[in-house]
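User: I'm new to this one and would like a short walk through it. Can we go topic by topic?

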Amino acid sequence: MSEHFDILTQEVEKLAANKSMDSILSSSNDILRQLKNLQKEIENSPTSIDDITSKIKKDNENILKHQKHLNKSVKNYSVKIDKMFDFNLSDVYPYETIDIKNNLKSRKLLERSIIMDLLRNGQFEIASKLEIERNLKIPFELITKFKKLNEILLNLRENNELNLAIDWASLNSSKLKKTGSDLEFNLHKLQFIKLYNKNKDDPFEAYNYAKENFPNFGLTHLDIISKLLFSMIYSTTTETNTTIDKNYINEMLLSNDSIYTQLCQDYCSLIGLSSNSPIYNTLLASYISLPNFIKYTKIFKNSGKLNWTSLNELPFEINLPIFLQFHSILICPVSKEETTFENPPMVLPCYHIISKDSLIKLSKNNLSSFKCPYCPVTSTSNQAIQSRFIDM
Amino acid sequence: MTTILNNVDFHLNLKKSQFKTPIEVIKKNFKNLQKLIDKQEILINKNLKLLKSGSLNKSEKLELIKKTISLQETYLKKLKVRVKSHNDFISRLQYRISKLEELKKLNESLKNDENGGGGEGDNDNLNQFYKGEVELLIVDYLLKSSIYNTNTSIDDELTGIQLAKSLKIDKLIDYDVILQGLKIYNEIKEKKNLKILIDWCFENKKNLKLIKEKYNLNLNIEFETYFQKFIELIKIGDVFNALNIANNYLIGYLNEDEHDDDNIGENFEKIVQGAALLCWNLAENTDKAIADTKSQVSRKALSYYDSNIQTDYNISENFKNYKSLLSDDKWTKLADFFLFNFNSLYGIDQDLQICLLLSIGSSSLKTRSCKHRKKDAESSNDNENDVNFDDYLNLTSDSNKDGILKNDCPICSIDLNELTSSLPFSHQIKTNIFENPVMLPNGNIYQFEKLVQFNKSQPKDIFSTKNTGGLTVEYDNEEEEESNKEITMENLELLKIKDPLNGELFDKSDIVKVFPT
């Protein structure tokens, strides 16, 4: 939907195209010129000022005309924009919000997370200014870590150099592998492609690089390695048809942004932080879920039937994209409730899972055996294993 | 599929101030320009008439024309300033439109991707777009929250403005307009400067009336301002001027002909209440003040020297009702009320958008499996001085221990956990578990592939510790081939499986598939 935007674009264009200001200015300049002419006339004695006054009069009429003209454009814009907006952010979320005006602690907590976001993004100067202004001491240790990250990223972005990133990744190779990251390989791959592209006629350097670095990744990335090496062989032997070569290499080439993002994420994971800035991810979730809130508010207003009944739970489901789903959710098939720390999932002998509360109910307070709600297996509550879902 | 980018109109709605503020400035500027033009036209016409009338001799005429020319030159200078400001704000609008145009294109491109055809760059662009939005929200926050830091001077050096400039997004926020409001706010709240507020009210009289009608306010900023002035004058003992203010301004608000307010009654109540202060101020009696201080030894010695405090103190003690009239809190309220009016006038968001959006996002993300970091009762008294970065240091040092547990959830993060603790949970109705869940005998349920991958990445000798009784793990020799084959429970080559969380070792046969439904 862009109808409002299109209308607004038109209005801005009209406003910008309105050259009334220029006309007002030039008429005013003309008045000055006429006044100077008048001065000459007066100096030359026999004066008839009628001619000049009528010119000034014309200028003034012109100025007035353009004032009206401009006024109209401004008014049109105002009228259109006032009709345009159909939701107020503060109206669509009737719950308690983060209140930094009255709650000093919340303000400080928010400012701390803003500082964390700024540090992630290399805004050290601003962060240290905030440190004083908002009275929040940032430990030197923390800054050092982010400065190191920033150095690697700058080297990548400004100089297009991978060496610092590769050094860091090799140093942390085992930790990276543990988290399942293929950053190290991706960096080597990019470096290989870089060397290869630099000197296609003499791929020796690239070959050496491959020989030195790729063997460690045979287990995990053999497929890509062979493709990379193949394209090298291919291009040195045939000069005419290089389509395959190009396709392979291009297919592998990660955008700078994506390797940059991966590096940031892995670095933050390794220093024990979430890979993306929590503020960023939460705001992203907010933008994605906001239409649901707007829709719900509208329905509520129109029907009067719906209500924000439960105080500590939203009244509707929000489908966030997979990259914004962070927890395994088990809805107990019996009670239809989400399992929690207090009401954990219990695995029955048939390996079906229900919540602890439901287990207690089905077993009549752990007194009798019961049938699994999903299969014919009968069991007792002490046969069930308390379990937890572990996200790796 | 979930839409991860909303349409342009949606974002336009969120950014309304970007398009409202400039036009309000343009309007105001234009009105001032019209006044300027009118004044100049009248002046020139008057002088021309005089020149024509023949009542002046030549040198007088020359004198007059020279004067007129110089006036016209000054006028032109002023005019140019107005024109420049006009063009500046128009160009902001154009720039902002162009930014949204980019968003519109991105939206169309994403739509095409859905219908097949790849757009590699789109993801990066999407990231860039949201990154830009977050940056803008942070700038907006830093700027507007600067008034809560009493030790910050409100000027062009504000951190928010610096950040906007360094991120090159200063054209997307009318920080100069916002700053103007914050400056007046600070003058009122910190310096108790009423003159600046009186001037501002006068300058915007017409618009303020419209705002009052639009929001159905039962307070009138002009009345509140003069009333505050009245109280302040009484506090310093200037009864004469206090009465002047009352006569010239406040009484006017009781007159239905002058002010068609529906809150005349309330205004009346206030004035009557305020009038009582006149009497206490007259009781400015040193002997009594000393007696009072003696009777309460701990009372501030200050009151010896500062009769205002004494007056203030006496009244607040004896007449609780007047406490609010005399308290400094009233200045904060007045400043807040001013800012509300100022923001309405310029279409600036009243709320901090980042707080609202974070609240909405947080409750969308918050599940009942999210951590509760909130500390034990004794340390959880809401003292803002408890907030520091120590948690981040602790986390970093023992992160290796449970580094395998991936938790990227923003609500579980130190950054937002406590901040969002009182917000509602999301509404979950579907089980959402990873594929292939397997359970170890200790009840821990993992995704099978990840469990295997973790075990494969372990150094092989760990399996020959005393736990396994010197048992070595046998791998299939042809690992390369293996990597292309799907791993199943049946062909799993590991004989022992280690629990990534606590290092417990289990036999392969102990792993069982579970069935969450």
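**Chain B overview**

Analyst: This is a predicted model. In chain B, buried residues account for 33% of the 517 residues.

User: How many helices and strands are there in chain B?

Analyst: Chain B has 20 helices and five strands.

User: And what share of the contacts in chain B join residues at least 24 apart?

Analyst: Counting contacts between residues at least 6 apart in sequence, 64% join residues at least 24 apart.

User: Staying in chain B, where is Asn407(B)?

Analyst: Asn407(B) sits in the loop between helix 18 (390-397) and strand 1 (437-439) of chain B.

User: Why does Asn407(B) count as partly exposed?

Analyst: Asn407(B) has 17 C-beta neighbours inside 10 Å, so it is classed as partly exposed. A buried residue would need 20 or more, and an exposed one 12 or fewer.

User: Which residues does Asn407(B) touch?

Analyst: Leaving out residues up to four places away in sequence, Asn407(B) touches Phe326(A), Asp391(A) and Cys412(B).

User: Switching to chain A: what is the strand order in the open sheet of three strands?

Analyst: The order is 2-1-5, with antiparallel pairing. Strand 2 (353-355) and strand 5 (385-386) of chain A are at the edges with a single partner strand each, so one side of each has no neighbour in the sheet.

User: How many bridges join strand 1 and strand 5 of chain A?

Analyst: Two bridges, with strand 1 covering residues 345-347. Met346(A) is opposite Gln386(A) of strand 5.

User: Last topic: which residues does the CTLH annotation cover?

Analyst: The unreviewed UniProt entry annotates residues 161-203 of chain A as "domain: CTLH". That span is 72% helix and 0% strand, and its end C-alpha atoms lie 19 Å apart.

Terms used. Residues numbered from 1 in each chain as written. Chains lettered and ligands numbered in written order. Predicted model: local features only at pLDDT ≥ 70, side-chain atom pairs only at ≥ 80, totals over all residues. UniProt positions renumbered as here; feature names shortened; annotations may be inferred. Helix = DSSP H or I, 4+ residues; strand = E, 2+ residues; numbered from the N terminus. Contact = placed C-beta atoms within 7 Å. Pairing = 2+ DSSP bridges.
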